[in-house]
Amino acid sequence: MTLQDLHKALGDIRSIRRQMARSTEFRGYGPATLAATAVFAILAASAQTVLLPDPANHIAGYLGIWLSTATVSAALAGAQMYTRSRRIHSGMSDEMILMAVEQFLPSVGASLLITIVLLRYVPAALWMLPGIWQLIFSMGVFSSCRFLPRPMLAAGVWYLLTALFCMSLGDGRALSPWAMGIPYAAGQLLVAGIVFFAAQKGSDES
């Protein structure tokens, strides 16, 4: 076998592994960690209530609270996803993790870019951020549904509806702490519940 044949064979193996990953339900999300991110949302909303009674005039503080909450939540979920995938998906873990990240990475990038554009060029429209964040998050959930339990569609619908509600407020009321706290707390608890019951069902079937 030549070196070229070896490279081709390795490429074929990687392609097969990716195809297998796409047809396998991802079980790297832990329900306890997802529930913890719901608690973070409540804590962030409570902190905003105390520290920022007028968020429209303190947008830097508002962004600081929610972006730091998102960062901590993502870091915790990512670390747990890595360790859990190694344990559950074993030899397929790298492909499964990459697939999961690829589904949500565009949403994360879009959220950051839109936030920067509004902050820099359209500050009068910053009240739309909660709705935009939730809308983009719902798109990330929908794009991930093909390798997650089917009921996960309900979480995507939830975030879509809360996004539309926030946008319908039409003014600074959308910057209320609970316009972020309630949607994300309830949404993440819903996701955690779906993941938990899917894992229980999988254990019963096995």
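The legends below accompany close-up views of a predicted model of one protein chain.

**Figure 1. Overall fold of the predicted chain.** The chain contains seven helices and zero strands, and its elements follow the order α-α-α-α-α-α-α from the N terminus. Of its 206 residues, 39% count as buried. Among contacts between residues at least 6 apart in sequence, 78% join residues at least 24 apart.

**Figure 2. Confidence along the chain.** The mean pLDDT of the chain is 86, and 84% of the residues reach 70 or more. Among the elements, helix H6 (residues 153–169) has the highest mean pLDDT, 97. Helix H1 (residues 3–22) has the lowest, with a mean of 52. Where pLDDT is low, the predicted coordinates should not be read in detail.

**Figure 3. The aromatic pair of Phe-104 and Phe-137.** Six aromatic pairs are found in a search of the whole structure. In one of them, Phe-104 and Phe-137 lie 5.4 Å apart, centre to centre, with 50° between the planes, and the pair is tilted. Phe-104 belongs to helix H4 (residues 93–121) and Phe-137 to helix H5 (residues 129–144), so the pair ties together parts that are 33 residues apart in sequence. Phe-137 counts as partly exposed because its relative accessibility is 24%, between the limits of 20% for buried and 50% for exposed. Phe-104 and Phe-137 also belong to one aromatic cluster together with Tyr-159 and Tyr-184.

**Figure 4. The aromatic pair of Phe-196 and Phe-197.** A pair of aromatic rings is described by the distance of the centres and the angle of the planes. For Phe-196 and Phe-197, the ring centres are 5.4 Å apart and the planes stand at 75°. This angle is over 60 degrees, so the pair is classed as edge-to-face. Phe-196 is partly exposed, with a relative accessible area of 39%. Phe-197, at 59% relative accessibility, counts as exposed, since the cut-off for that class is over 50%.

**Figure 5. The largest pocket and its lining.** The largest pocket has a volume of about 1100 Å³. It is lined by 35 residues, of which Ala-70, Ala-74, Phe-104, Val-108 and Phe-137 are the closest to its centre. Phe-104 and Phe-137 are also the partners of the tilted aromatic pair. Helix H2 (31–51), helix H3 (59–88), H4, H5 and helix H7 (177–205) each supply at least two residues of the lining. The largest share, ten residues, comes from H3. By residue class, the lining comprises 25 nonpolar and ten polar residues, with no charged residues.

Figure 6. Ser-107 lies in helix H4. Ser-107 counts as buried because its relative accessibility is 11%, and the class requires a value under 20%. With its neighbours within four places in sequence left aside, Ser-107 is in contact with Ile-136, Met-139 and Gly-140.

**Figure 7. Ser-68 in helix H3 and its separation from Ala-44.** Ser-68 is found in helix H3. At 38% relative accessibility, Ser-68 counts as partly exposed. Ser-68 and Ala-44 are 24 residues apart in sequence, and their C-alpha atoms are 9.2 Å apart in space.

Figure 8. Ser-168 is located in helix H6, the element with the highest mean pLDDT. Ser-168 is exposed, with a relative accessible area of 54%. The C-alpha atoms of Ser-168 and Met-128 are 9.5 Å apart in space, while the two residues are 40 residues apart in sequence.

**Figure 9. Ala-186 in helix H7 and its separation from Ala-155.** Ala-186 has its place in helix H7. Ala-186 is partly exposed, with a relative accessible area of 32%. A distance of 9.4 Å separates the C-alpha atoms of Ala-186 and Ala-155, which are 31 residues apart along the chain.

Note on methods: Residues are numbered from 1 along each chain as its sequence is written. This is a predicted model: local features need pLDDT of at least 70, side-chain atom pairs count only at pLDDT 80 or more; totals for chains, interfaces and linings use all residues. Side-chain values use heavy atoms; hydrogens and water are left out. pLDDT is the predictor's confidence in each residue, from 0 to 100. Helices (H or I, at least four residues) and strands (E, at least two) are DSSP runs, numbered from the N terminus. Rings of Phe, Tyr and Trp (its six-membered ring) pair if their centres lie within 6.5 Å; planes under 30 degrees apart count as stacked, over 60 as edge-to-face and the rest as tilted. Buried means under 20% relative accessible area, exposed over 50%, partly exposed in between (1.4 Å probe, protein chains only). On a 1 Å grid over the protein atoms alone, a cavity is a set of points where a 1.4 Å probe fits but cannot get out, and a pocket is an open set with protein on both sides within 12 Å along at least five of seven lines; lining residues have an atom within 4 Å of a point. Grid points are joined across faces, edges and corners, and a volume is the space filled by probe spheres set on the points. Ala, Val, Leu, Ile, Met, Phe, Trp, Tyr, Cys and Pro count as nonpolar, Asp, Glu, Lys and Arg as charged, and the others, Gly among them, as polar. Contact means heavy atoms within 4.5 Å.
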